[in-house]
Amino acid sequence: MAYNNKFSQKPSPRRKAEQSHGESAYTGAEDESGGLIIGRNPVIEALKSGVRIDTLYVASEGGGSLGLICRMAAEKGVVVKQVSDAKLDGMSGGASHQGVIASGGCAEYVSVEDILAVSAEKGASPFIIICDEIEDPHNLGAIIRTAEAAGADGIIIPKRRSASLNQTVYKTSAGAASWLPVARVPNIPAAIDKLKENGLWIYGTDASGEDYTGTDLTGPTALVIGSEGFGIGKLVREKCDFLVRLPMNGKITSLNASVAAGIFMYEAVRQRSLKK
């Protein structure tokens, strides 16, 4: 949870917040209620039916039809995570999971191009938030909530080592995850290259940077928020055009990632409002 001294529709597309889920068996009604899809047959049927699945958790020592399930998930672009039986036991709350649990998403992901189209539609300078390995769903939800309120065009997250658009994120975002486009990409540095090709300047949040109040955030901006414990990654930092920091004047030398993100975002809001 460290942050800082380490760093630390209207828009198109708008997405619906419908969910898919079930428990010991899969049905359309359970799909809408939110939760988890537990067990091999329920997960297979969910994958066949086109239900929105965000992440598949599979026992690392499993066999049999788990291979088929993993292949089906891969064909649909679902992230597959190998986990222990203990992890699955905890997730299922005692239900018979048979080595597999699927977690639905609270909203559909979009592409980086979709997010760029939002600012074009607005006729405004792009303002995009990049979350580099924010693994705490409460932090990601809070960042999404603040980003939507601040008028950001969208958020970019990595497919791996990141919280996804699950029910915890949706709840923490106070529903903002239904409105703010989120792109999930396999490679953040590559996504940054795409943003640069479209004229955006990349601002990384890092303790080695300049004071954030002296940085011009009124142009085409992508703001990179680093992970709770390790900040922005080395490759991502190297892709940044500028590094900015928050002053830390007390005995505590770190801030929660979502709190720090909110300060940076609203500095951009302040500067942009003065420029109008």
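Cysteines and aromatic pairs

Analyst: In this predicted model, the number of disulfides is 0. Cys 131 has a relative accessibility of 0% and is therefore buried, and Cys 240, with a relative accessible area of 13%, is buried because that value is under 20%.

Turning to the rings, the structure has 3 aromatic pairs. One of them joins Tyr 203 and Phe 242, whose ring centres are 5.0 Å apart and whose planes meet at 20 degrees, so the pair counts as stacked. As for accessibility, Tyr 203 is buried, at a relative accessible area of 5%, whereas Phe 242 is partly exposed, at 37%.

Another pair is formed by Tyr 212 and Phe 264, with ring centres 5.8 Å apart and planes at 85 degrees, which is over 60 degrees and therefore makes the pair edge-to-face. Because Tyr 212 sits in the loop between S8 and strand S9 (221-225) while Phe 264 is part of helix H10 (residues 257-275), the pair ties together parts that are 52 residues apart in sequence. Here Tyr 212 is buried, with 15% relative accessibility, and Phe 264 is buried as well, with a relative accessible area of 1%.

Terms used. Residues numbered from 1 in each chain as written. Predicted model: local features only at pLDDT ≥ 70, side-chain atom pairs only at ≥ 80, totals over all residues. Heavy atoms only, no water. Disulfide = S-S within 2.5 Å. Buried < 20%, exposed > 50% of the residue type's maximum accessible area, 1.4 Å probe, protein only. Phe/Tyr/Trp six-rings, centres within 6.5 Å; stacked < 30°, edge-to-face > 60°. Helix = DSSP H or I, 4+ residues; strand = E, 2+ residues; numbered from the N terminus.
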